[in-house]
Amino acid sequence: MFKINDIKHPSFEIADYIEFCALKNSDGTCSLAGLRAALSAPEDEIDINGTEEGDDAVLNKLSEALNRNSERNSFFGGYPFTINKNSLSCRNELTRKEAYYVFLLLANRLNMQTENVQGGQNATNLFERLCRCVTSEYLGGHCKCEVFGTSVNGSFEVKVNDILEKMDFCGHFEEPFGGTGHHKDGGIDIIAWIPFEDRKDSQLIALGQCKTGSNWEPLLKKTDFFSTYTTYTPYVNPIYFFFVTEDFGKYKWKERSTAAGVLFDRRRILECIPADISSIDAQLDADIHTWVNAALQYIRANS
């Protein structure tokens with residue numbers, strides 16, 4: 001269960017915690033006064049660069065985090081919280097896009113090893129399916145996109161050969177020299193391409209990784225998928241997408257984007273969720289709502 005015990009965390013994490021507390025509290029509200037008391041040290045003295053007493057430091061950090069929440073409120077078309085001067089409240093009835101925000105928040109802040117399954121739905125699998133819709137929206141109507149990750153049944157070899165056939169590429173799976181045969185998803189969760197009617201090579205290919213939870217930074221890397229696992233070599237090098245559920249603003253954005261490629265954080269994902277419900281798989285939409293409702297019950301029962 002997501003918990004912050006001090007104010008040494010970045011403001012975006014504390015902003016998430018303010019939202020999380022509003023979701024789990026019985027009255028749907030998180031006040032800065034309540035958090036201030038919970039985060040203040042017993043001796044009322046916290047060392048923040050050696051310049052501020054504990055209570056003032058806590059209040060300043062909470063106010064900074066609430067400003068982050070206000071930025072989100074102005075940016076997101078589906079922000080599920082109302083912000084007052086010193087508190088944040090969750091809306092009683094969530095719109096579809098607001099529920100998607102809650103999904104991304106909780107899929108980021110719950111423990112994705114032990115709390116990822118809610119209401120019989122797996123958050124990791126749901127996120128991969130959602131990222132497929134986001135990729136299609138971002139690349140446009142001619143895009144073909146497939147989930148390749150752990151939510152797809154079949155051996156790695158079968159999945160590789162299947163995706164090469166769908167992409168109309170002349171090639172097949174090839175075990176890497178010295179390989180163990182245990183490749184999981186080969187570091188790829190989403191494969192997208194924009195084909196031409198002439199069926200010739202030289203086309204845009206995007207390879208994407210999808211990471212829930214908060215411990216995703218060590219996994220930032222670009223995978224040589226085709227050269228490692230297939231006999232096919234694209235004429236044009238693929239572009240790389242990396243999808244995360246976190247909203248960290250500009251924090252380490254350059255370093256992370258350089259390592260990952262096109263980086264989709266919580267904000268960009270919500271921006272690319274189609275406004276038209278018919279553009280989202282109806283079953284995916286229902287499954288996300290099932291997960292969100294069950295997750296809210298879970299955090300309220302265990303708070």
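Modeller: The mean pLDDT of the protein chain, the predictor's confidence in each residue on a scale from 0 to 100, is 87, and 90% of the residues reach 70 or more. Over residues 42-52 the pLDDT is below 50, although this stretch has 16 contacts in the model (heavy atoms within 4.5 Å) beyond near neighbours in sequence. The model is predicted, so local features need pLDDT of at least 70 and side-chain atom pairs count only at pLDDT 80 or more, while totals for chains, interfaces and linings use all residues. Residues are numbered from 1 along each chain as its sequence is written, and side-chain values use heavy atoms, with hydrogens and water left out.

The largest pocket has a volume of about 620 Å³. A pocket here is an open set of points on a 1 Å grid over the protein atoms alone, where a 1.4 Å probe fits and protein lies on both sides within 12 Å along at least five of seven lines; lining residues have an atom within 4 Å of a point. The volume is the space filled by probe spheres set on the points, which are joined across faces, edges and corners.

The lining comprises 26 residues, and Thr124, Asp185, Cys210, Lys211 and Leu219 lie nearest the centre of the pocket. By class, 13 lining residues are polar, 7 are nonpolar and 6 are charged. In this scheme Ala, Val, Leu, Ile, Met, Phe, Trp, Tyr, Cys and Pro count as nonpolar, Asp, Glu, Lys and Arg as charged, and the others, Gly among them, as polar. Helix 5 (123-139) and strand 8 (204-211) each supply at least two lining residues, and strand 8 gives the most, with 3 residues. Helices (H or I, at least four residues) and strands (E, at least two) are DSSP runs, numbered from the N terminus.

Asp185, one of the residues nearest the pocket centre, is placed in the loop between helix 6 (156-166) and strand 7 (190-194). Asp185 counts as buried because its relative accessible area is 12%; buried means under 20%, exposed over 50% and partly exposed in between (1.4 Å probe, protein chains only). Between Asp185 and Lys159, 26 residues apart in sequence, the C-alpha separation is 8.8 Å. The loop between helix 6 and strand 7 also holds Asp168, a residue other than glycine with a positive phi near 65 degrees. Asp168 is partly exposed, at 35% relative accessible area. A positive phi of about 85 degrees belongs to Ser202, which lies in the loop between strand 7 and strand 8 and is partly exposed at 41%. Most residues other than glycine have a negative phi.

In the largest nonpolar core, Phe103, Leu106 and Trp291 touch the most other members out of 65 residues. A second, separate core of 18 residues includes Phe169, Phe173, Ile188 and Tyr229. Such a core is a set of buried Ala, Val, Leu, Ile, Met, Phe, Trp, Tyr and Cys residues joined through side-chain atoms within 4.5 Å. Among contacts between residues at least 6 apart in sequence, 64% join residues at least 24 apart.
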